[in-house]
Amino acid sequence: MPDSRFFSSAGPFSLADIAAIAGVAPPEAADPGRSFADIAPLDQAEANHVSFLDNRKYLPVFEKSKAGLCIVHPDVAERAPASMLLLQVDKPYRVYARIAAAFYPPRPIAPGISPSASVDASAKIGGGTCVEAGAVVGAGAEIGERCVIGPNAVIGPSVVIGNDCRIDAGASLSHCILGSRVIVYPGARIGQDGFGFHPDPEGHLRVPQLGRVVVQDDVEIGANTTIDRGTNADTVIGAGCMIDNLVQIAHNVELGRGCVLAAQVGISGSTKLGDYVFIGGQGGLTGHLTIGTGARIGAQSGVMRDIAPGETVGGSPAVPVVQFHRQTTAIAKLAKKRAPSGDR
Amino acid sequence: MPDSRFFSSAGPFSLADIAAIAGVAPPEAADPGRSFADIAPLDQAEANHVSFLDNRKYLPVFEKSKAGLCIVHPDVAERAPASMLLLQVDKPYRVYARIAAAFYPPRPIAPGISPSASVDASAKIGGGTCVEAGAVVGAGAEIGERCVIGPNAVIGPSVVIGNDCRIDAGASLSHCILGSRVIVYPGARIGQDGFGFHPDPEGHLRVPQLGRVVVQDDVEIGANTTIDRGTNADTVIGAGCMIDNLVQIAHNVELGRGCVLAAQVGISGSTKLGDYVFIGGQGGLTGHLTIGTGARIGAQSGVMRDIAPGETVGGSPAVPVVQFHRQTTAIAKLAKKRAPSGDR
Amino acid sequence: MPDSRFFSSAGPFSLADIAAIAGVAPPEAADPGRSFADIAPLDQAEANHVSFLDNRKYLPVFEKSKAGLCIVHPDVAERAPASMLLLQVDKPYRVYARIAAAFYPPRPIAPGISPSASVDASAKIGGGTCVEAGAVVGAGAEIGERCVIGPNAVIGPSVVIGNDCRIDAGASLSHCILGSRVIVYPGARIGQDGFGFHPDPEGHLRVPQLGRVVVQDDVEIGANTTIDRGTNADTVIGAGCMIDNLVQIAHNVELGRGCVLAAQVGISGSTKLGDYVFIGGQGGLTGHLTIGTGARIGAQSGVMRDIAPGETVGGSPAVPVVQFHRQTTAIAKLAKKRAPSGDR
């Protein structure tokens with residue numbers, strides 16, 4: 001059960017309510033008014049809880065679960081305990097996410113500007129938006145409706161933020177344009193000058209960075225992640241991208257729609273990603289590359305060449321994943337062969 | 001000599017005082033009232049300074065040192081210069097740390113709440129605690145005694161902090177419970193939602209993150225490190241863990257007691273570490289792994305499988321360290337063999 | 001064209017003005033009073049724009065560009081379109097950087113202390129300096145002339161900052177001395193205690209960190225980068241170093257002049273770099289190493305031994321770059337050879 005100090009339940013919900021969220025009819029024999037108090041994992045759930053099964057690995061747990069209601073794929077329905085009600089759907093985890101969000105919606109926003117916030121007189125703040133304690137909003141900034149600007153966050157001059165955005169504690173934005181429903185986690189840094197200079201023994205000389213960061217709708221940017229603005233063109237984060245913590249995105253990088261970057265990924269300047277590119281944790285990409293739509297780049301990979309659409313790569317330097325596994329196997333065998341007496 | 005602008009000496013201390021801190025008797029022939037003004041490295045120490053020898057590599061420096069008093073292991077005592085007094089102990093570095101802390105204790109806390117801090121009326125602040133300028137403490141938060149909440153730090157609603165904790169400048173905490181004597185360095189981010197969503201071309205859908213971060217006693221969390229809260233269960237940091245800067249700890253990770261994570265380590269979701277696990281800088285662990293007590297994971301390792309207790313691994317993908325060194329040697333030889341004419 | 005919400009042009013400039021910035025005479029046949037309104041990339045430039053060519057790869061674009069004035073190397077001058085005026089210089093990109101900076105100078109500083117900043121009465125603030133909203137300046141701190149202390153930045157007690165420095169939003173400094181013309185990007189953490197403790201199953205014991213961070217003139221420190229202070233000696237960042245985002249620099253590290261560290265680099269304790277060392281993104285160095293002047297360390301390298309001056313290394317563990325490429329090739333061949341039937 002979520003700690004009630006941090007999470008407020010909007011439950012209970014009736015079976016009919018939950019089925020409606022899931023987009024399916026309630027089980028025929030069941031009482032549509034039956035009440036469910038909470039959500040819970042399969043192994044902890046009781047008769048008045050909603051649970052889900054998304055991974056066949058957990059079938060044994062499922063078969064013994066006491067959950068009163070479970071979200072499942074039709075393929076596993078016949079394995080359910082007799083006492084369990086089922087809502088059968090194609091994507092159980094996705095449906096569960098919607099039900100969990102119904103039980104535990106985000107805290108309601110308390111609109112208004114904290115007396116300890118510093119909001120420039122020329123800034124525009126939309127209706128229903130909350131600017132929390134210590135936040136700073138610069139001259140000419142425009143913030144949409146129903147946003148939360150977290151404690152001690154900094155919104156630079158002329159920054160534009162759409163509707164229903166959340167900028168968390170201590171994050172800072174400058175020289176950027178955000179769409180709607182964007183979440184910027186604590187301490188993320190967006191829009192500062194990129195790493196652009198003329199290197200020279202007589203002294204490196206900074207080149208003015210005159211572009212912006214454009215963040216499209218429905219993007220999440222993780223805690224302490226950094227996204228530099230472009231040099232002449234913009235750095236662009238496509239709609240629906242999910243960016244984890246401590247990620248580095250350099251100047252002029254462009255991400256297509258729905259890309260997923262795990263923690264500590266680094267992308268060097270001017271590299272362009274297509275849509276739905278996945279990059280595992282600590283993966284690194286050099287500059288000026290083109291990564292095709294649907295490419296998958298393994299954790300800790302070091303990508304130094306263009307990647308074709310749909311290709312999966314691993315290793316440093318990165319190679320197609322089948323080759324990477326062959327290399328790993330070949331090295332292991334080579335080392336074994338040499339181990340007994342091969343040390344000449 | 002430490003810069004007196006930043007560090008205030010509580011010295012001088014007498015030989016008797018220092019011996020008492022070390023937990024040993026002063027040398028018999030010496031005047032227990034003899035005064036020592038400061039601590040210093042062997043090569044810079046004078047007659048009124050305390051120094052230490054912990055590494056036999058520095059024996060030549062030790063033999064020529066002018067330090068008046070030195071903390072040493074009994075094994076090396078006979079190598080000391082004639083004029084040097086010795087305190088012989090089993091763990092010289094550990095004893096030196098205590099003496100250094102006596103000479104240079106933390107600045108005393110000036111209890112009270114800065115007029116520019118924003119502390120919610122429902123928050124509880126323990127006696128002797130200081131809330132510095134610009135800090136924000138949310139509704140229902142509970143902070144223990146003798147804590148320092150640094151400038152512009154943010155303590156979220158309902159967060160609980162034990163006694164004698166230090167939350168440094170610009171750090172932010174939410175959805176977490178901290179024990180006592182915890183240090184959170186500047187810019188660390190604890191308790192934000194983890195990277196949990198249902199990935200789908202129709203749009204990734206966030207899954208509510210309904211757990212917490214639980215940080216046990218005597219933990220240190222480095223600058224700009226990020227620790228996400230759990231999805232259903234908690235993310236747990238065991239007592240006495242030392243976590244360096246820019247480390248990523250994902251949702252539902254559990255660390256046992258006394259783990260040491262060097263800078264830029266990344267641990268993916270739901271991985272569990274036993275006690276006293278050491279991970280070198282930039283090491284990465286994928287999700288859902290079990291790492292045994294006392295395991296050691298080399299710098300830049302990429303761990304993709306469970307690690308047995310006490311095992312030492314290196315490389316990416318990580319293998320037992322002996323095998324890693326064999327692989328490195330085998331590859332070097334292979335490349336040499338092929339270099340002259342092997343490029344067929 | 002830069003977005004005028006974020007960037008204010010100081011243009012137009014005359015040909016004579018621009019030639020003066022470039023340090024060359026204007027073309028003989030041209031009107032020195034001819035006006036140029038803006039800068040632009042070759043492919044977007046119009047007749048009243050200044051552009052540049054620095055990379056022969058773009059010669060085809062150059063030959064078709066409509067730019068009225070272009071900064072080029074004499075070697076390519078004869079390839080210019082007939083209508084294009086040229087300023088011929090040895091380092092076109094460097095000269096372009098100066099011209100771009102003339103067109104788009106930094107926003108003028110509005111001197112003064114924001115009413116929402118917290119500046120200790122004993123701090124000294126130089127003439128022409130701006131302390132922005134929510135910034136905190138501790139007791140005894142000394143800030144030079146014409147500096148900008150950004151919103152919610154924290155300058156710790158007794159910190160010294162030279163002239164013409166910029167400390168961006170949310171950054172925090174303690175126990176450090178900065179030279180002049182230093183830029184600290186948002187969220188950077190400078191001067192906190194390093195990762196120094198006596199590891200022991202009975203409990204790790206922190207060792208007081210009694211050194212400082214010394215940052216010389218003309219250094220840039222990237223967003224969310226962390227630099228720990230020294231244990232006894234200082235951590236030193238040499239003049240003119242360029243440090244990208246999310247870099248970790250541990251206690252007692254010393255960087256010579258003009259080093260360039262790309263994003264997510266990590267340098268362990270007490271490692272010393274000479275001058276003009278370049279380290280690629282995500283490169284890692286273990287502790288107590290000596291890296292010679294002019295060494296180049298590839299992206300994602302793992303350096304575990306000293307590097308000679310001028311040497312170039314790659315791989316993890318890092319080896320000379322020629323050997324690294326041989327190894328990569330040898331492994332690829334080995335895997336190919338074994339692939340068909342070699343899986344014994």
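**Entry 1: strand S5 of chain A**

I began with the pairing of S5(A) and strand S6 (residues 85-88) of chain A, which run parallel and are joined by four bridges. I note that the model is a predicted one. Within this pair I looked up Ile71(A), and its bridge partner in S6(A) is Leu87(A).

I then turned to strand S4 (residues 49-52) of chain A, which runs parallel to S5(A) and is joined to it by three bridges. Here Ser51(A) has Cys70(A) of S5(A) as its bridge partner. I followed the chain from S4(A) to S5(A): it passes through helix H2 (residues 59-64) of chain A, and the β-α-β crossover is right-handed.

Are the faces of strand S5 (residues 69-72) of chain A covered or open? I find both covered. Leu69(A) and Ile71(A) are buried on one side, and Cys70(A) and Val72(A) are buried on the other.

**Entry 2: a sheet in chain B**

In chain B I traced an open sheet of 12 strands with mixed pairing, in the order S7-S10-S13-S16-S19-S24-S27-S30-S33-S36-S38-S39. Its edges are strand S7 (112-113) and strand S39 (319-320) of chain B; each has a single partner strand, so one side of each is left without a neighbour in the sheet.

I looked at one pairing inside this order. Strand S33 (residues 278-279) and strand S36 (residues 296-297) of chain B pair in the parallel sense over two bridges. Opposite Phe278(B) I find Arg296(B) in S36(B).

**Entry 3: contacts between chains**

I next listed the contacts of chain A with chain B: 48 residues of chain A meet 47 residues of chain B. On the chain A side, helix H3 (92-103) and helix H4 (321-338) each supply at least two residues. By class, I record 25 nonpolar, 15 polar and eight charged residues on that side.

For chain C with chain A, 47 residues of chain C are in contact with 47 residues of chain A. The elements giving two or more residues to the chain C side are helix H3 (92-103) and helix H4 (321-338) of chain C. That side has 25 nonpolar, 15 polar and seven charged residues.

**Entry 4: relation of the copies**

I superposed chain C on chain A: a turn of 120° with a shift of 0.0 Å along the axis gives an RMSD of 0.1 Å. This is the relation of a three-fold axis.

Why do I say that the copies meet through different surfaces? Only 19% of the interface residues of chain C are also interface residues in chain A, so the surfaces through which the copies meet are different.

Conventions: Residues are numbered from 1 along each chain as its sequence is written. Chains are lettered from A and ligands numbered from 1 in the order in which they are written. This is a predicted model: local features need pLDDT of at least 70, side-chain atom pairs count only at pLDDT 80 or more; totals for chains, interfaces and linings use all residues. Two strands pair if DSSP finds at least two bridges between them. Two residues are in contact if their C-beta atoms, placed from the backbone, lie within 7 Å. Ala, Val, Leu, Ile, Met, Phe, Trp, Tyr, Cys and Pro count as nonpolar, Asp, Glu, Lys and Arg as charged, and the others, Gly among them, as polar. Copies are superposed by least squares on the C-alpha atoms of residues with pLDDT of at least 70 in both. A residue is buried if 20 or more other C-beta atoms lie within 10 Å of its own, exposed if 12 or fewer, and partly exposed in between; C-beta atoms are placed from the backbone. A crossover is right-handed if, with the strands pointing away from the viewer, the path from the first strand over the helix to the second runs clockwise.
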